[in-house]
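Biologist: Could you walk me through how some of the labels on this model were reached? I would like to see each value set beside its cut-off.

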Amino acid sequence: MTSLDLLLILSGLTTLTGFTFGNHRAYPWLAGIVLTAQIGILASMPLPMAAGFGFEMFGRPVGWQMDGFGRFFALITLGAALASVAYTGGEWGERYAAEGKNLRWLHGALAGNVLAMLLLLASGDLIAFFIGWELTSWAGFLLMAQGGERALRAAMRYVPYAMAGAMAVLGGLVLTLTWTGTLDLSQLVMLVPGLANWKLALLLALFGTGFAVKMGLLPVHLWQTPAYAEAPGAATAFLGAISSRMGLFGFGLLLVKLITLTRLADLSFIDGLFSARDLIEWVAALTIVLPTFTALKQNDARYLLAWHGIGQSGYMLLGLVIGDATGSAGGLLHVFNHATYQAALVLSVFAVMHRTGTADLNSMGGLVARMPFTFLVMLLGIIGLAGLPPMNGFVSKWLIYRSLMIEGRPLLFLMTVLGTLGTILSVYKLIHNTFLGQLRAEHEQIREAPWSMLVPMLALVALAFVTGVAPGLALDYVNQAQAALGLPVMAHTLGGVESPRGSLDMLWIVGVLFAGFGIGALLFYGAGGRSKRIHQLDNYAGGHFLSADVRYQYSDHFYAGLMHRIGPLYRGSFTQMEAALVSANDLLASLMQAWYRQAVPALTLLIATVLGLAWMIWR
Amino acid sequence: MTEFTLYTFLAASLGLIAIGIGGVILSRNLFRIVLALSIAEAGGNLLLVLIGFRHDAIAPIIEPGRTMTTMVDSIPQAMVLTSIVIGAGVQALALALAIRARASYGTLDMGIMRARMEADINRVAGAEPAASLHAPARPMLTERKA
Amino acid sequence: MNPSVLALVPALPLLAAFLLPLVPGAARRLVGPLTLLAVAFIGLNLWPMAQTEPMVLAVGNFAPPLGITFYADTVSALFVIAVALVTLVLWPWSGSDAGNLDRKQSLTLILAGACGGLAVSGDLFNVYVFYELAAVASFGLAAGARTAAAQIATFRYVVIGSLCSLLALLGITLIYVQTGTVNLAHLAQLAPHTLHNPLGLAAFFMILLGLGVKAELFLVNTWAPDVYATAEARVSGLLAGLVSKLALLAVARLLVLIFPLPEARDALLVLGMLGILSGEFAAFRARDVRRMLAWSSIAQLGAAFVAFAIPGPAGLAAGLAVALHHLLVKPALFLLADRWGGSLAQITGAARNSPVSATLFVLFILSMIGVPPLPGFWAKYLLLSGLAAQPQGLWWLAGAIILLTTVVEAVYLFRVIGALYGHDHRATPKSQSATAVIGSGVFAAVLLAIAFSAPLLALPLNRMAVQMADSAAYIARVLPPVLPGVAP
């Protein structure tokens with residue numbers, strides 16, 4: 001038995017245990033221990049590691065093998081699952097069960113997701129890949145459907161998307177088989193780049209559609225926000241952190257490893273007007289900008305974060321497709337970084353929901369006084385999401401910006417900056433409407449979230465901070481992933497990058513930053529440090545004294561001035577497109593039903609027979 | 001019987017089939033539909049018999065003491081016998097169904113019966129009748145988000 | 001084993017069907033199951049022998065091409081086993097009264113006999129006879145629900161069925177005119193000179209439509225939704241699951257032996273594609289689960305026609321896989337739809353009081369839409385890779401249609417899952433009957449066993465397809481080159 005077998009068996013057992021004893025109080029501990037052990041096994045696994053099992057189907061071997069690229073994603077998966085499971089361990093899980101929801105299903109589905117993803121990430125051929133892909137999709141569906149009526153509806157909306165994606169991948173799979181005669185990834189690496197351009201374009205379209213759906217790339221992103229946002233908290237964190245990254249994993253395999261980026265640049269459309277690579281870069285850039293600005297309009301904290309999840313995936317794909325050492329490292333590192341702070345942010349939003357019962361950004365405020373640790377988590381989380389130092393989000397985004405500038409993509413760079421601007425605006429709205437301003441009367445009695453929920457959140461932001469200060473810790477694994485994909489490997493130091501094309505040392509930056517804070521503090525306290533604590537209502541605004549019912553801040557219609565300018569640009573085109581597709585489908589369906597409801601089938605039969613015979617005889 | 005007669009019979013059999021199919025298509029009355037079906041089948045059987053027919057041959061029965069002469073092909077005749085039996089059974093079944101259905105619905109009109117059947121199926125299933133595009137099976141998946 | 005046991009496959013159930021009302025007392029209820037077990041036993045014995053060499057029986061020792069020929073290769077053996085066992089699982093154990101039960105059991109036995117006969121028939125006219133027998137039995141069973149709606153639905157089925165039998169008969173007549181024989185092997189021998197012309201193709205098209213009625217072929221499948229919605233669940237399962245497969249098998253044999261022509265394949269392909277499209281989309285707007293299943297079964301059989309259209313053993317392997325998978329899944333789903341056949345509102349939350357059935361339902365649905373590693377995926381994989389290996393054009397269009405409609409299929413089937421596990425507490429869904437749970441449980445067990453042993457089953461499937469595709473071997477086996485002692 002190889003250590004990959006052990007890893008998968010442990011996941012299988014956790015899944016079984018989750019479905020049977022998931023409601024037991026000890027389960028989260030057990031699962032936490034197993035997940036920690038799995039992380040240990042995975043991190044210390046020599047690569048590439050083949051699985052001891054496998055089978056032959058229709059004369060083709062189906063097997064599993066973990067390489068550096070898969071391991072990078074697998075580590076994040078296990079880590080995200082660990083945080084989510086730990087979060088359910090105390091009050092949150094008890095409340096969940098008390099609401100009449102099924103904790104066993106939640107845990108089983110969560111562990112099942114991990115298993116499915118591990119199978120996907122370790123696939124050694126396209127059949128194993130497709131098995132993992134489908135299992136991931138349906139395990140994801142199961143997890144999404146857990147949160148009640150609205151969640152079920154959102155999950156049902158995911159079904160056509162997921163299925164369309166899976167079928168596109170299956171179509172690509174059989175075409176690959178037809179054209180190359182093999183499905184083994186190690187052989188395909190050599191065979192696929194040699195295919196004719198139109199074949200590559202078709203493969204790109206089919207596989208790309210499948211991966212884009214999972215990733216939530218424009219224009220097939222609509223399912224993701226409600227499905228992720230409406231799931232129960234721990235599930236939302238897991239889904240938001242890693243689930244949709246499986247699409248990126250697919251893109252990595254397809255674009256970089258199989259088709260290769262140089263062949264991708266050869267595939268030109270409309271007389272060389274643009275190449276497939278340009279196309280993907282621009283799709284990624286649009287995926288950064290449009291969902292980020294959609295997030296700006298959200299009034300539900302969960303939806304806001306879910307939209308950002310879509311937007312951030314654009315950075316990852318963009319970095320990967322630029323494909324130089326810096327850019328691809330940035331794109332891949334962003335997967336890890338995003339997982340850490342996104343999970344922390346989601347968990348903090350659900351911690352607030354746990355206490356206040358709402359995620360509506362218009363009915364909260366001032367909670368910093370009651371939930372300071374949760375505030376801290378969200379603060380550090382949004383710093384990461386916005387891509388500012390000292391958090392890790394800064395490092396990956398810096399690498400991507402840097403690479404865009406060096407590789408000469410000024411327009412794309414502009415798009416990423418625009419995206420970051422939108423991110424900063426909307427995360428400020430998030431933290432302001434939740435924690436700043438005045439505490440509402442109904443939230444006077446709120447307490448801090450329980451430790452069972454705080455610990456995973458704090459651990460996640462701590463991780464985001466540490467890997468922000470010392471990105472070298474994560475970049476080791478990124479380098480392995482780059483090597484496994486055949487990308488140029490970015491040399492790095494503990495604090496960041498040291499290269500003639502630009503250096504970044506986070507140790508130094510954070511040192512300066514904190515030195516600045518320290519000097520400020522010294523000045524403040526040296527000057528006497530006078531401060532006075534006053535009640536929130538002991539204040540005035542615009543000459544008016546405040547009371548509990550006259551609030552100084554209005555969270556409703558937050559960016560009124562900005563929205564006055566850009567508001568008309570939101571047209572809901574994608575939603576309309578989706579609705580149009582559904583209508584077309586419905587129309588076709590009623591036409592087809594008309595065939596089965598015809599009054600005199602014999603007549604149509606006669607006509608068809610005569611036509612058929614005529615065709616047979618005179619063709 | 002000459003070639004001419006053979007062709008006449010051939011035309012007659014095809015004509016019977018055409019009349020039968022036309023009858024099935026044009027009539028709404030269950031009984032007429034059954035009649036039309038049996039006419040069409042008669043045409044088909046006649047055609048089958050004609051296939052094996054030779055005007056200078058005798059019946060394909062070997063009797064002791066008879067000299068071997070040309071016989072008509074026996075296989076189509078065997079097939080026709082089978083086909084006639086099956087056809088008779090099916091017609092009896094169709095008639096029985098028609099009688100039963102008339103007892104329940106009080107009519108022999110196919111159009112009315114179809115509508116009643118449709119309504120019955122929907123009632124048993126507890127589903128609204130199929131109407132237009134404005135009444136989909138379930139609220140569509142697109143839930144507008146502000 | 002003596003080849004004459006082949007005759008028992010159709011004869012035993014038919015005999016039992018007519019003797020059943022005469023058997024006294026409690027033993028009467030055992031006649032059917034025992035007969036079916038005997039047929040299954042014959043099938044199981046046929047299987048290993050057919051693997052080495054197909055078995056041929058010339059009834060009454062009239063050597064082929066004279067007389068009636070029965071022919072059993074592995075595919076036939078498999079279908080004989082399937083006929084016996086599936087009929088056994090869907091056996092009518094209870095009826096409103098004794099006479100009713102007798103009738104039901106007799107008709108079911110006739111159906112089983114006719115289906116067994118179709119599996120082993122070696123001549124065209126026998127195919128027609130057994131097919132008609134199956135038709136009559138299925139008419140009787142379909143009307144057996146005794147509601148007025150069922151009678152009208154069956155009447156419409158009879159009309160379409162009879163018209164198409166007439167077409168088939170005309171087709172057979174045409175073939176006989178051209179060749180003077182109805183023996184499949186002899187026809188296969190003569191076909192290149194006599195039947196590979198427009199007239200032969202016209203005959204094929206007519207027979208295709210004739211046999212297509214039972215196989216729910218597009219153009220002649222308008223009866224299916226109404227009949228499946230009104231008949232007993234068991235009967236719907238038998239018709240959609242079993243009878244359709246035997247009709248498919250007959251068509252596939254014709255295609256392989258007599259009409260291996262691109263035109264014939266195109267006809268199958270086009271009608272199959274239309275069947276898939278019309279079935280899946282009609283099911284998308286179905287208002288009740290039963291008709292949804294009926295339409296989805298039309299679509300699945302369309303996929304089987306598409307699969308059989310692919311030339312060579314690849315097509316047969318894909319077709320057999322799709323057909324056998326459907327044979328397992330659809331009857332089970334119809335069984336479960338016995339209580340859950342109504343609108344989605346009626347079954348909302350049904351998983352609460354019947355968790356096992358709901359799980360089985362989900363399992364079958366997942367296999368149907370082809371979620372790996374369930375068998376449905378491998379069937380779909382074979383089908384799609386077979387289509388992709390063909391030159392572009394219609395073949396790829398068919399592949400694209402299959403991929404596209406699977407999405408539609410997933411949507412409407414997941415609606416059912418969503419309803420089963422829904423949260424509406426006002427509804428009081430019916431809990432499942434024990435027979436449905438047991439019956440579908442058996443199918444589920446087989447499905448799972450296949451899922452786990454899929455790598456082992458790939459080889460036999462392939463061998464079966466190769467054997468079936470080898471028309472030269474068929475001819476040589478039925479008509480040995482030298483026929484000593486037989487008068488011309």
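This is a predicted model: local features need pLDDT of at least 70, side-chain atom pairs count only at pLDDT 80 or more; totals for chains, interfaces and linings use all residues.

Biologist: Thanks! Then why does C:R146 count as exposed?

Modeller: C:R146 has 12 C-beta neighbours inside 10 Å, so C:R146 counts as exposed. This residue sits in the loop between α5 (124-142) and α6 (148-179) of chain C.

Biologist: And what makes its phi value worth a remark?

Modeller: Phi of C:R146 is near 65 degrees, which is positive although the residue is not a glycine. C:E216 also has a positive phi without being glycine, near 55 degrees.

Biologist: Where is C:E216, and why is C:E216 called buried or exposed?

Modeller: C:E216 belongs to the loop between α8 (198-212) and α9 (224-230) of chain C. The cut-off for buried is 20 or more, and C:E216 has 31 C-beta neighbours inside 10 Å, so C:E216 counts as buried.

Biologist: Let us turn to chain A. Why are α3(A) and α16(A) called roughly parallel?

Modeller: Helix α3 (residues 68-88) and helix α16 (residues 325-356) of chain A pack at an angle of about 5 degrees, with their axes 10 Å apart. Angles under 35 degrees count as roughly parallel, and therefore α3(A) and α16(A) are roughly parallel to each other.

Biologist: Which residues meet there?

Modeller: From α3(A) come A:F72, A:I76, A:A80, A:A83 and A:Y87, and they meet A:L332, A:V335, A:F336, A:A339, A:A343 and A:L347 of α16(A). By class, this contact has eleven nonpolar residues, with no polar and no charged ones.

Biologist: Which peptide bonds are cis?

Modeller: One joins A:L47 and A:P48, with omega about -10 degrees; A:P48 lies in the loop between α2 (27-43) and β1 (49-57) of chain A. Another joins A:L218 and A:P219, with omega about -5 degrees, and A:P219 is found in the loop between α9 (197-215) and α10 (224-230) of chain A.

Biologist: Finally, how many residues does the contact take from chain B and from chain C?

Modeller: The contact takes 39 residues from chain B and 39 residues from chain C. On the side of chain B that touches chain C, α3(B) gives the largest share, 15 residues. That side of chain B divides into 27 nonpolar, six polar and six charged residues.

Note on methods
Residues are numbered from 1 along each chain as its sequence is written. Chains are lettered from A and ligands numbered from 1 in the order in which they are written. Axes are lines fitted to C-alpha atoms, for helices over the stretch in contact, and angles run from 0 to 180 degrees between N-to-C directions. Helices (H or I, at least four residues) and strands (E, at least two) are DSSP runs, numbered from the N terminus. Angles under 35 degrees count as roughly parallel, over 145 as roughly antiparallel, 65 to 115 as roughly perpendicular and the rest as oblique. Two residues are in contact if their C-beta atoms, placed from the backbone, lie within 7 Å. Ala, Val, Leu, Ile, Met, Phe, Trp, Tyr, Cys and Pro count as nonpolar, Asp, Glu, Lys and Arg as charged, and the others, Gly among them, as polar.
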